[in-house]
Amino acid sequence: MGIGVLILIILLVAILASCVTVVPQAKAMVVERLGGYLATWSVGVHFKVPFIDRIARKVNLKEQVVDFPPQPVITKDNVTMQIDTVVFYQITDPKLYAYGVENPLAAIENLTATTLRNIIGDLELDQTLTSRELINTHMRSALDEATDPWGIKVNRVELKNIMPPKEIQDSMEKQMKAERERREKILQAEGEKKSTVLVAEGLKEQAILSAEAEKQAAILRAEAEKERMIKEAEGEAAAILKVQQATAEGIRLLREAGADEAVLKLKSLEAFEKAADGKATKIIIPSEIQGLAGLAKSAAEIMKDN
């Protein structure tokens, strides 16, 4: 009798323990009572009625990522390519997720494939390769709207890889190679153009500097010539002044020695001759000296004839 009571107590404790459920963080549980929806348990401790309530589904509320295999699609210009997509989604309503669709992941995969085919079918090959962001936006909007009744929110959709046919890839590689060669030639031509311009500017600058140097040299030569002429003129003026001073001193001495007027006039004439120094072409002689000069010339001619 004691063993039976002990076994009964153990069973009751086990049943009571099974009725206590702890829901962890970022999880949810859909609970049914007698086969019908009862409640959605969130984080915390919960109790259920044994043999009547049951946990129908455990739901992960974290954002999840699913990578779907490549899907064949046909572009508007009839090019068949393979595109694989990555979908980021999150369960927002555990009840709708549990009862909205039988297999949510399979439903999302098929919905992604059909949506991708619809979008790519309206684009040409070049647009498909250059409009990833546009395709991602359209797909996310379409999938989010379609999965809303299932309690699923699609946060992002990314085209993981776009694989055109082999011949298209070869053609694209040739086109890219040609484009790179064209850009290289353009850059080379631009470099040569800049080099030519720089050389021309250098020659122009050199010519300007040379002209400026020649101008400065001419100015310096002119200034040197001017300085030379001034010095020569000053020297000649100083020499004439010395001659005149010497002549004046001689006349003064003659006056002091008692020389007559005729001698003084002859000395004045000699002073004019020295002042000219053979360089003047015309000498203006005062009238009072002209007569005496003529008399001296006549006397010289008479002396020569004799």
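Author: Strands are DSSP runs of E with at least two residues, numbered from the N terminus. T85 lies in one of them, strand β8. Please note that this is a predicted model. The protein chain comes to eight helices and nine strands.

Reader: What makes T85 count as buried or exposed?

Author: The relative accessibility of T85 is 3%. Buried means under 20%, so T85 counts as buried. Leaving aside residues up to four places away in sequence, T85 touches V66, D67, F68, T112, L116, M139, E158, L159 and K160. In the protein chain, buried residues make up 21% of the 306 residues.

Reader: Which residues have the most contacts inside the largest nonpolar core?

Author: They are I83, V87, L116 and I135, in a core of 31 residues. At least two residues of this core come from each of β2 (27-33), β8, α2 (94-100), α3, α5 and β9. As for L116, the residues that it touches are V73, I83, T85, I135, M139 and L159, again not counting those up to four places away in sequence.

Reader: How do you know that the span of helix α5 agrees with what it should be?

Author: Helix α5 has 16 residues, 132-147, and at 1.5 Å a residue these should span 22 Å. The end C-alpha atoms of α5 are 22 Å apart, so the two values agree.

Reader: Which residues of α5 are buried, and what puts them on the same side of the helix?

Author: The buried residues of α5 are I135, N136, M139, L143, D144 and T147. Around the axis they cover an arc of only 150°, which puts them on the same side of α5. In general, an α-helix has 3.6 residues a turn, so residues three or four places apart point the same way. The cover over the buried residues of α5 includes β8 (80-91), α3 (104-120), α4 (125-130) and β9 (152-163).

Reader: Why is the pair of Y37 and Y99 called edge-to-face?

Author: A search of the whole structure finds one aromatic pair. The ring centres of Y37 and Y99 are 6.0 Å apart, and rings pair if their centres lie within 6.5 Å. Their planes stand at 85°, and planes over 60 degrees apart count as edge-to-face; the pair is therefore edge-to-face. This pair links distant parts of the chain, with Y37 in strand β3 (residues 36-41) and Y99 in helix α2, 62 residues apart.

Reader: Why are Y37 and Y99 called partly exposed?

Author: The relative accessible area is 34% for Y37 and 40% for Y99. Buried means under 20% and exposed over 50%, with partly exposed in between. Therefore Y37 is partly exposed, and Y99 is partly exposed too.

Reader: How do you know whether L34 is buried or exposed?

Author: L34 has 70% relative accessibility, and since exposed means over 50%, L34 counts as exposed. L34 is found in the loop between β2 and β3. The phi of L34 is near 55°, a positive value in a residue other than glycine.

Technical notes. Residues are numbered from 1 along each chain as its sequence is written. This is a predicted model: local features need pLDDT of at least 70, side-chain atom pairs count only at pLDDT 80 or more; totals for chains, interfaces and linings use all residues. Side-chain values use heavy atoms; hydrogens and water are left out. Helices (H or I, at least four residues) and strands (E, at least two) are DSSP runs, numbered from the N terminus. The expected span of a helix is 1.5 Å times one less than its number of residues. Buried means under 20% relative accessible area, exposed over 50%, partly exposed in between (1.4 Å probe, protein chains only). The arc is that of the directions from the helix axis to the C-beta atoms. Contact means heavy atoms within 4.5 Å. A nonpolar core is a set of buried Ala, Val, Leu, Ile, Met, Phe, Trp, Tyr and Cys residues joined through side-chain atoms within 4.5 Å. Rings of Phe, Tyr and Trp (its six-membered ring) pair if their centres lie within 6.5 Å; planes under 30 degrees apart count as stacked, over 60 as edge-to-face and the rest as tilted.
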